[in-house]
Amino acid sequence: MSRSDAEAGERIDVAFVDDDAEVRRANVQTLELAGLDVRPFETGAQLVAAIDAGFPGAVVTDVRMPGMDGFQLFRRLREIDADIPVILITGHGDIDMAVEAMHKGAYDFIAKPYSADRLVQSVQRAVEKRRLVLENRRLRDAAAHAQEDVPLIGQTPVMERLRQTLRQIAIADVDVLVNGETGSGKEVAAELLHRWSRRREGRFVALNCGALPENVIESELFGHEAGAFTGALKKRIGHVEYSSGGTLFLDEIESMPLAAQAKLLRVLEKREVVPLGGNESRQLDLRVIAAAKIDLGDPAVRGDFREDLYFRLNVVSVTIPPLRERRDDIPLLFVHFLNRAAARFGIEPPDVTPALREFLSTHPWPGNVRELAHAAERYALGLLDVPAWRDEAESDEKFSLPRQMELYEAELIRKALKESKGNAKAAIDALGIPRKTFYDKLQRHGLVRSDFV
C-alpha cells in the first residue's frame, strides 16, 4: 500500500479498520459489491505500518478499538499525509468527538447503525477526492521538476524529439527557420538554440518584423550613420551588427518589407552589413534564426516573400507542433503556468478540478501555449469560468434562461474573435455592437483578444 505499490498499478480504494472480524467481513463485502477494492485491517497499528503518503485511497475506521483507537489513528494518519480522507464510524456517545475530528480535518463520520448506501456513498466521494488530490500532486511535481533549462515543457514523444533535434541543430551553428502557429513557442525554441550553442556567451537579439513600421525596419536591422535620413542625428548600430558573435532572432519574418528582404539576403550571403548612409561594410559573426507562422515554402501562401531569401534562411527547418497535436502535455503545461502565476500573484494555486481537466482536453487552443498561459493566469485569479459553463452545459435544465443567454453570447464573441484572428474592429463589425460594449463583454466573459491572434 505504499507509493511503489500504487505506481506499479495496484488499485487500492479503501483501507477498512475494525477489531471485530465479523464487522470487517460484512463491510468489506458491501464495499466490494459497490466496485471498490478494499483492504481489511484488524488494528490501526497494522495500517500505519503498511501506509505512506502515496496511499491512493480512503481510510474507514471504527472509533472504539483496543490499543490505538480511531481518533488516535486519525491523528497518526494526519502526520503521514494530511490529505488522506479518513471516515470515522462512531457510536452515539462518540459523535461530539467525531464532529471535533472533522473540524480538524477528518473527511466524514458515520453514526451506528448505518445503511450500506450511507457507507458506500461516503467512501466513493472520499476516494474521488483522494484521486483528485494525488493527480494535482503529480501534475505539480512534474511541473516543478521540469528542467529550468528546458522551457519547451512536454513529455509527449513529439516534444522529446523536438528537444533532441534542437540540441543537434544548436551545435551545428547553421541558420534555422522555425515554423509554427501563433503562440506555439517559436521564440522559446530560438532561445534554446542560442543557449545550447557555442554562441551562448554572446547576445540573443530578438526583433519582431511584424511589429515595426516599414519606414524604420531597415534602420532597426542594419543601423545608420548620422545624417543618413531626416531625424538621424547620431550613429546607430542595428540589430544585425549588435547580434554579431551571438544569435539574431527574426520573428514573423514573413512580414518583412521587400526592400529589407533584399538587404537581408545580401547580409546572409556576405556575412557583412553596410549601415544606412554608410559606405564601408562591417564583417559579422552571424547566426540567424527566423520564425514564420505561415508555410513560406508554399508559393500560394508566402505572397511577396522572396523565394531566394526563403531558401537562404531554410538551411535547416524546425516545426513547433500546436497544442492540439500534443494534448497529453496540456495539463502539465497548465499547472506549470498556474504555479508561476500563483507565485507572481502571491496566492496558493487552486486545484485542477475534473471539470477543468475536461475543458483543457477539449478546448481547441487556437492561441496555443500563449493562450494556455493566459488561461492559467485567469484561473489563478478565479476569473476562468469556462469549466463551470461546461459542467452546466451538460444539462440545460440545470440553469436559467438568462444564464443560457449569457453562455450563448460568450460563444458568439469567441467565434467572432476566432474568425477575425483577434482583430477587434472586425469582431465588433461582425457582432454589430458598440466598441465599449464589446470590451465590457470581453471582461465579463474573461476573454482575451491576444488568445485568438
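Which residues of β8 are buried on one side, and which on the other? The legends below begin with this strand.

**View 1. Strand β8 and its covered faces.** The model is predicted, with local features requiring pLDDT of at least 70 and side-chain atom pairs counted only at pLDDT 80 or more, whereas totals for chains, interfaces and linings use all residues. Residues are numbered from 1 along each chain as its sequence is written, and side-chain values use heavy atoms, with hydrogens and water left out. T247, F249 and D251 are buried on one side of β8, and L248 and L250 on the other. Buried denotes under 20% relative accessible area, with a 1.4 Å probe and protein chains only. Because 5 of the 5 residues of β8 (residues 247-251) are buried, the strand is largely enclosed by the rest of the structure. Strands (E, at least two residues) and helices (H or I, at least four) are DSSP runs, numbered from the N terminus.

**View 2. Parallel partners of β8.** Strand β7 (residues 204-208) pairs with β8 in the parallel sense over 5 bridges; two strands pair if DSSP finds at least two bridges between them. F204 has T247 in β8 as its bridge partner. Strand β11 (residues 288-292) runs parallel to β8 and is joined to it by 3 bridges, with V288 in β11 as the bridge partner of L248.

**View 3. An open sheet of 5 strands.** The strand order is β2-β1-β3-β4-β5, with parallel pairing. β2 (38-41) and β5 (108-111) stand at the edges with a single partner strand each, so one side of each is left without a neighbour in the sheet. Strands β1 (residues 14-17) and β3 (residues 58-62) pair over 4 bridges in the parallel sense, and A15 has V59 in β3 as its bridge partner. Helix α2 (residues 21-33) packs on the sheet, touching β1 and β2, and its direction makes about 170° with that of β2. Contact means heavy atoms within 4.5 Å. Helix α4 (residues 70-80) lies across β1, β3 and β4 (86-90), running at about 175° to β4.

**View 4. The crossing of helices α14 and α16.** The axes of α14 (residues 330-345) and α16 (residues 368-380) come within 8 Å and cross at roughly 50°. Axes are lines fitted to C-alpha atoms, for helices over the stretch in contact, and angles run from 0 to 180 degrees between N-to-C directions. Residues in α14, including F334, F337 and R344, meet residues in α16, among them L372, E377 and Y379.

How values were computed: Buried means under 20% relative accessible area, exposed over 50%, partly exposed in between (1.4 Å probe, protein chains only).
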